[in-house]
Amino acid sequence: MQKINSLLPSSQFVPTMGVINHLLSLPANPLDADNVHFDRIVALGDTIPHGSDVATVLWNLGYLTQPQYQQVIAQKKITNTGVMNQAIKAFETNYGLKADGIMGPEVVAQLTRPYSSLARIAALNLQRERFAQLEGDGPQIIVNIPDYTMTLYDNQKPVFESDIIDGMPKRPTNLFQTYINTVVINPYWYVPETIKVQNTIPSAKANPNFLQRNRMDVINSWSDRSVVPPSSINWATVNPKTFPHEFRQDPGPENALGRVAFLMPDSFSVYMHDEEQSEYPLFKRRHRDLSSGCMRVQKPREMAKLILSYQNMPNLPSVDDMINSNKHREIGLKKHVDLDVAYLTSWVTPDGQLAMRPDIYGYDNPRTKPINNQFISIPNYRTHERIKLALNGQSS
């Protein structure tokens with residue numbers, strides 16, 4: 001029965017197939033990107049270039065009712081007002097764009113996509129969604145990289161959400177399935193190899209005060225964490241690729257991991273964590289693919305409080321008290337929290353609309369240069385299995 005249940009389609013299957021069949025039944029998108037051009041931004045109240053075609057696309061995609069559509073196309077001049085402006089805002093919301101009702105280049109790029117392209121992306125993400133499904137009745141986190149969000153579910157119901165910052169395209173966040181087994185309060189940051197070679201050592205060579213200003217120690221090695229005095233190192237001759245020592249940043253508000261970190265089994269040195277205080281404004285950005293691979297959480301204290309509430313540790317101090325003590329503390333979890341890191345650029349909303357998100361890592365479309373399999377295969381650290389399926393537009 002467990003095997004049979006594992007083969008059942010996800011809850012997204014029926015609504016997604018309905019959207020796909022609708023898209024494939026439509027005539028070609030009248031806003032053909034090769035022949036239709038918008039030479040200016042269309043603000044509120046402006047006349048909409050190719051207005052009847054824009055209205056047709058919004059009607060075909062479900063953002064205008066038929067009476068609204070008939071009313072709009074009967075007008076001699078179609079403007080960005082009334083039901084058209086409302087439809088544009090709703091479209092922007094579902095496509096992860098700024099919902100200001102202004103038709104800029106991002107909005108136009110989405111309106112002019114062929115319907116067959118939307119259907120293909122929806123089908124591709126239906127396959128991806130198989131590996132980010134809710135399981136069991138315990139706590140489970142699903143991270144969606146292109147949406148810059150994480151959701152914690154309890155008994156398959158959402159109980160906590162937070163925006164996140166994830167990996168930049170040149171240092172993408174890996175896709176994997178695992179579980180959170182440790183909460184760290186006031187963490188040390190042990191600098192990963194890539195950041196050590198590309199950032200930390202060049203900064204230390206360029207500025208003799210860099211390490212002290214950032215409260216960083218040079219430690220002998222990962223196995224021998226004795227401190228090496230920076231003054232004993234001839235930085236002018238250091239080769240970042242052969243430097244034998246490692247770097248560790250002390251706990252504090254400007255620690256790269258912030259005040260809270262969530263550790264999990266994986267082979268990528270990837271985890272979820274807070275952000276240093278000076279970087280908090282980054283969460284105000286709409287596009288947040290800014291990290292070196294780890295997932296930064298906007299509401300880490302709330303997340304820590306919820307995860308620790310599952311642990312039955314009545315004598316544990318509060319999260320705020322532990323943070324305010326400024327003391328490093330690692331809390332092993334009795335009840336693990338499953339975690340799925342997914343890449344979903346499309347799904348169907350509860351009201352039947354197709355939601356789309358930017359393909360920030362370029363996984364949706366075929367490419368001449370293969371994608372590094374490390375980033376698009378999905379190892380499962382809960383079962384120690386690796387899904388040998390590259391979920392990208394080239395091979396799916």
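I began with the side chain of Asp-340, which makes a polar contact with the side chain of Gln-177 at 3.0 Å. A polar contact is a pair of N or O atoms within 3.5 Å; within protein, one must be able to donate a hydrogen and the other to accept it, and residues adjacent in sequence count only if both atoms are side-chain atoms.

I noted that this is a predicted model, where local features need pLDDT of at least 70 and side-chain atom pairs count only at pLDDT 80 or more, while totals for chains, interfaces and linings use all residues. Residues are numbered from 1 along each chain as its sequence is written, and side-chain values use heavy atoms, with hydrogens and water left out.

**Asp-340, continued.** I placed Asp-340 in strand β13, residues 329–342. Strands (E, at least two residues) and helices (H or I, at least four) are DSSP runs, numbered from the N terminus. I found Asp-340 buried, with a relative accessible area of 1%. Buried means under 20%, exposed over 50%, and partly exposed in between, with a 1.4 Å probe and protein chains only. Leaving out residues up to four places away in sequence, I listed what Asp-340 touches (heavy atoms within 4.5 Å); among them are Phe-131, Ile-142, Phe-176 and Arg-382.

**Strand β6.** I looked up the partners of β6, residues 216–219, and found 4 bridges to β8, residues 246–249, running antiparallel. β6 also pairs with β7, residues 227–228, in the antiparallel sense over 2 bridges. Two strands pair if DSSP finds at least two bridges between them. Ile-219 stands opposite Glu-246 in β8, and in β7 its bridge partner is Val-227.

**Two positive phi values.** I recalled that most residues other than glycine have a negative phi. Tyr-148 has phi near 55°, a positive value. I located Tyr-148 in the loop between β1 (140–144) and β2 (149–154), and it is buried at 3% relative accessible area. Asn-312 also has a positive phi, near 55°. Asn-312 lies in the loop between α10 (300–309) and α11 (319–324), and it is exposed at 62% relative accessible area.
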